[in-house]
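Subject: Structure for your review

Dear colleague,

Please find below the structure that I am handing over to you. My notes on what was found in it follow.

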Amino acid sequence: MSESDAVIIGKPVKDMYGAPMGKILGTTTDIDGSTQTVGINCGSGCLKQVPYSQLVIQPEVIIFIAKWRLDSQRLLREKELTVRRLSALMEIVSDNDSMKSDAEIIHEKYNAKLMTLQRTEFEINSELDNRVVEIEEQEKSVKVLLFDAKVQLKSNEISQETFDHVQKETDEMLQHMKHEKDEIVKVKSRLANLSLEDMIPSVSTSA
């Protein structure tokens, strides 16, 4: 175990919306000594294994970043850079006809990149859609628990204090789920607004 691994052992872990996930129990490393996964003790004998690459180490707490967030942010950065470069390429060709032959070579490079980005975007959109379905199923389960607690309160099986605790916890969970769904909608919108497809024909025609 490396010194950096030892430092994070026992530290609390929260998700990107502030919900506690447990404490780090240990790590697994590759043959070269690099940390691969981290084990989180979720309590009551529950152990969750997560990739080390999805953790943000902070002094007092460790933040777990969802895979869809990392994948979509990486794609957004690549799309934004490609859009800027394609815009620059079209501007160069527009200003100088003698650059058309040179631009054609670069265009092929960006066209290949576009194809790769399109495949990646399709996969990530599927990933985002699947995550929304998961969240909605979790929301249903949480609402069922809350409703059942209301029934138990009315039937005098639990106290008002117990019900208030259940409602507070479920409200927080539902709020976290809403934040995640809202963020997914924004990410999908940003990806859709970065239209590379509209730019490629213009470059090709100019070239």
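A point to begin with: is Ile62 buried or exposed? The model is a predicted one, and in it Ile62 has a relative accessible area of 0%, so this residue counts as buried. Ile62 belongs to strand 6, which spans residues 62–64 and has the highest mean pLDDT among the elements of the protein, at 95.

The surroundings of Ile62 may also be of interest. Beyond its neighbours within four places in sequence, Ile62 contacts Ile8, Lys11, Pro12, Val13, Lys14, Ile24, Leu55, Val56 and Ile57. One of these residues, Pro12, lies 50 residues away from Ile62 along the chain, yet the C-alpha atoms of the two are separated by 6.3 Å.

Next, the strand pairing. Strand 2 (residues 20–29) runs antiparallel to strand 3 (residues 35–43), with six bridges between them. Thr29 has Thr35 of strand 3 as its bridge partner. The two strands form a hairpin in which five residues separate strand 2 from strand 3. Within that turn, Gly33 has a positive phi of about 95°.

Strand 3 also pairs with strand 4 (residues 46–51), again in the antiparallel sense and over six bridges. Here Ile40 is bridged to Lys48 in strand 4. Strand 3 and strand 4 make a hairpin with two residues between them, and Ser44 in the turn has a positive phi of about 55°.

The cysteines deserve a separate remark. The structure holds zero disulfides.

Finally, some remarks on confidence. The average pLDDT of the protein is 86, and 89% of the residues score at least 70. Helix 5 (residues 200–206) has the lowest mean pLDDT among the elements, at 46. Over residues 201–207 the pLDDT stays under 50, and the model has ten contacts beyond four places in sequence for this stretch.

With kind regards

Methods. Residues are numbered from 1 along each chain as its sequence is written. This is a predicted model: local features need pLDDT of at least 70, side-chain atom pairs count only at pLDDT 80 or more; totals for chains, interfaces and linings use all residues. Side-chain values use heavy atoms; hydrogens and water are left out. pLDDT is the predictor's confidence in each residue, from 0 to 100. Helices (H or I, at least four residues) and strands (E, at least two) are DSSP runs, numbered from the N terminus. Contact means heavy atoms within 4.5 Å. A disulfide is a pair of cysteine sulfur atoms within 2.5 Å. Buried means under 20% relative accessible area, exposed over 50%, partly exposed in between (1.4 Å probe, protein chains only). Two strands pair if DSSP finds at least two bridges between them.
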